[in-house]
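I opened the model and looked up a few positions. My notes follow.

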Amino acid sequence: CYAHDKNDSITALVYWKKAAAQGHLDAMTEVAISKPDEKSKISYLTAPAEAGKKLAMYHHGLIYGFGSNKVKNIDKGIYWMQKAYDNDVELSSVTLSLLYMQKGQLDSAYGILKNACKEKGAPEALCALAVQMSKIDNPEMADKAYQAYKLAIDNGCADASQKILDFGENLYQGNLLNKNL
């Protein structure tokens, strides 16, 4: 929907709703995004997502993965976000990795972003994961965070160089891990 002012947006939404009522899958996705409640969004997104509409798969994953307790289901979020990722939906790698982190599957999160960085040119995503990993008080995660920062730097992430320096300084000062490291 490319509306220029509020009236254009309202008019566009009226037409999207009419098309959605007739089963137009792209229209159903647009209407779902405009709905205020998550259950309505899910009901509008299900058919387009199941039919392979990329935006619907991504939003399905978002709602299930990060929605309220009424609809939150991380496994369904991962399922739909994985489908979006497999179909090259922009930002799905970051979102999928965050869902894996919520579930405690840090190796999966790291693997997704490492792959996205190498194959899809998303070093910023790997840097974002490194930031999250560096917050976990665990020597294994500290090593993975360091590796993620290095890979992000090697692939051109502009922020990663400063972030790895900050990370190293925090490690040195003992702010991240116990002195056992």
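I call a residue buried under 20% relative accessible area, exposed over 50%, and partly exposed in between (1.4 Å probe, protein chains only). The model is predicted, so local features need pLDDT of at least 70, side-chain atom pairs count only at pLDDT 80 or more, and totals for chains, interfaces and linings use all residues. I number residues from 1 along each chain as its sequence is written, and side-chain values use heavy atoms, with hydrogens and water left out.

**Entry: Tyr15**

I found Tyr15 in helix α1, residues 6-21. Helices here are DSSP runs (H or I, at least four residues), numbered from the N terminus. Tyr15 is exposed because its relative accessible area is 54%.

I then checked its surroundings on the surface. Tyr15 forms a nonpolar patch with Ile10 and Val14. Together they have about 300 Å² of accessible area, by the Shrake-Rupley method with a 1.4 Å probe, where only the protein chains shown count as cover for residues. Nonpolar side chains (Val, Leu, Ile, Met, Phe, Trp, Tyr) are joined within 5 Å, like charges within 9 Å.

**Entry: Leu99**

Leu99 sits in helix α6, residues 92-102. Leu99 counts as buried because its relative accessibility is 0%. I listed its contacts (heavy atoms within 4.5 Å), skipping residues up to four places away in sequence: Gly61, Gly65, Phe66, Ile74, Gly77, Ile78 and Met81. Leu99 and Ile74 are 25 residues apart in sequence, yet 6.7 Å apart C-alpha to C-alpha.

**Entry: Ser97**

Ser97 is also placed in helix α6. With 2% relative accessibility, Ser97 counts as buried. Beyond four places in sequence, I noted that Ser97 contacts Ala109 and Leu113.

How values were computed: Patch = residues over 30% accessible without salt bridge, like charges linked within 9 Å, V, L, I, M, F, W, Y side chains within 5 Å. Salt bridge = Lys/Arg side-chain N within 4 Å of Asp/Glu carboxyl O. Helix = DSSP H or I, 4+ residues; strand = E, 2+ residues; numbered from the N terminus.
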